Amino acid sequence: MNCKYHTQEKAQWFCHDCDISFCLNCCDMNEREIAPRCLLCRSHLNSLGVSDKVTPFWNKLSDFNKYPWQKGAMNFLMLYMGIAFVIGLINDFIPFWILNRLLLITLFSIGIGYVFKVLITTAKGNFEAPSYDEAIIFDSEGMTGKVMGLFLILIVIGYFAIVPMGLTALQIYLALISFSMPAILIILAMEKHVFSALNPARIATCIKAVGWPYLLLFGFSYLIDNGLGFAMSEIHFWLPQAIAYPLLFGAGAYFYIVKFNMFGYVAFQYHNELGYGIEYENLLDNESEDAPIKRLLAKSDVYVQEGRFEDAEHVLYELAENKQHTVKALERLVRLNIARQNPAGALKAAKNYFDNPNLEQVSAEALRLYENMIGFEPRFKPMNARARAVLVKQMKHKRYADEVKKLCSISEKMKSDLNLPWLMLARARFESEAMNDDTKALKVLDTLLSKYPNGAHQREAEQLRQVCRSMQHKLPSA
Ligand SMILES: [Zn+2]
Ligand SMILES: [Zn+2]
């Protein structure tokens, strides 16, 4: 499906109220909103999401297994085992328990930082393993603290509230936690709040959003944990820590990367159902500098095509405020008002357009717009000499003779215009080059140089006078 207004563009958003599909730029985006808004009715747009188009997670198991073997993850694992080795050495030789615990927590926290990074990166639809330097600025969001807080709360609840209720209650409690763990970790990663991750209502909506496949997710996650348990039981604890640490933490990191990659993929596959505007958030984070401009342009297209000219005008004037885009926006405004047969609007926009100091850079377009404008309103002409000079300079053909004459007739008001010499110079060039009338050109140049003998135009005017004179001398002999 393509955008209704930009038929070349793939549709990315959908408005249920208007029943219209929009492309990426055809929307209003505001930070701190869950989704972009419809330009026509202002309600939130739905992303033409991915959950029905992507491979479901249960068909991606081999990809999850390959994930730790990607370059970024491999480098991380190597580095991580290296750090584990050093910490193991220190703990072997300096058996001081506070130091030992602190170093262990550091080691855990590097791992936690990386696996959550894996989850979030994957959830955003990026299936490339993050590099280890992204992990070493680990834990910028305090994930270690949050994970520890989360388990601490679970233990405290278990110890003080559940244990007194008996063994069966404890078993149910543990089973529930184990079943909810994938949902808890996904919520924690995506929302970064311990309390929403532990909120039973939030956990339930998360499980419900995934639906029956959640059972599969739980099953796979359970199998991975078993694999990890097996790996760990094979690593003998009587080994010196310098050797046991890299093996234990390496295996742990490996299995957890697989697991968090899978969780991330689930968040990606179900982001719509889970209520995470992942693409949207991703869009705002990664958008290029000119994206807001593109959106304004697209927006004006929507309004024009819907016949909402005042909204379109509003958007274009907003665009015109950006100096880089003033000319483009004003040009659209002129055309828009010509199309809607609104002389006042067209004249206002055209006046602004031709007053623009950067007109010279778009002189060909300026002439085209001028011609459209006089087709619509024959009495129109720019009221400043600079714009007129730009236009005359572009008129390189005899057929423009009348136009040039019209543009070079100077009203009282323009007599003091500082750019008048440039207009006269352009006129002289037109007479000489387009009309082949060097006598006339010389007359203009003489007036110009006697009236305004000094200034930036002087050199060019004198050169042109030289050329015209030599042409005049040549002509009779030819
Ligand atoms: Zn569009
Ligand atoms: Zn709508």
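Reader: How is the protein divided into domains?
Author: Into domain 1 (1-48), domain 2 (58-280) and domain 3 (289-380). The model is predicted.

Reader: How far apart are the C-alpha centres of domain 1 and domain 3?
Author: Those centres are 24 Å apart. Domain 1 puts 8 residues into the contact, and domain 3 puts in 8 residues.

Reader: Which residues make up the side of domain 1 that touches domain 3: nonpolar, polar or charged?
Author: That side has 6 nonpolar residues, 2 polar and no charged.

Reader: Switching to cores. How many residues has the largest nonpolar core?
Author: It has 65 residues, and Cys26 and Val334 have the most contacts inside it. Helix α20 (residues 420-434) gives the most to this core, 8 residues. Domain 1 (1-48) and domain 3 (289-380) each supply at least three residues to this core.

Reader: What is Val334 in contact with, leaving aside neighbours within four places in sequence?
Author: Ala346, Ala349, Ala350, Tyr353, Leu369 and Met373.

Reader: And the second core, what does it include?
Author: That separate core has 58 residues, including Leu77, Val147, Ala183 and Ala189.

Reader: New topic. Where does Leu107 lie?
Author: In helix α3 (residues 97-123).

Reader: Why does Leu107 count as buried?
Author: Because Leu107 has 22 C-beta neighbours inside 10 Å, and the cut-off is 20 or more.

Reader: Leaving aside neighbours within four places in sequence, which residues is Leu107 in contact with?
Author: Ile83, Ala84, Ile87 and Phe249. Take Ala84: it sits 23 residues from Leu107 along the chain, with 6.8 Å between their C-alpha atoms.

Methods: Residues numbered from 1 in each chain as written. Chains lettered and ligands numbered in written order. Predicted model: local features only at pLDDT ≥ 70, side-chain atom pairs only at ≥ 80, totals over all residues. Helix = DSSP H or I, 4+ residues; strand = E, 2+ residues; numbered from the N terminus. Buried ≥ 20, exposed ≤ 12 C-beta atoms within 10 Å, placed from the backbone. Contact = placed C-beta atoms within 7 Å. Core = buried A, V, L, I, M, F, W, Y, C linked by C-beta atoms within 7 Å. Domains from an automatic or database assignment. Nonpolar A, V, L, I, M, F, W, Y, C, P; charged D, E, K, R; others polar.
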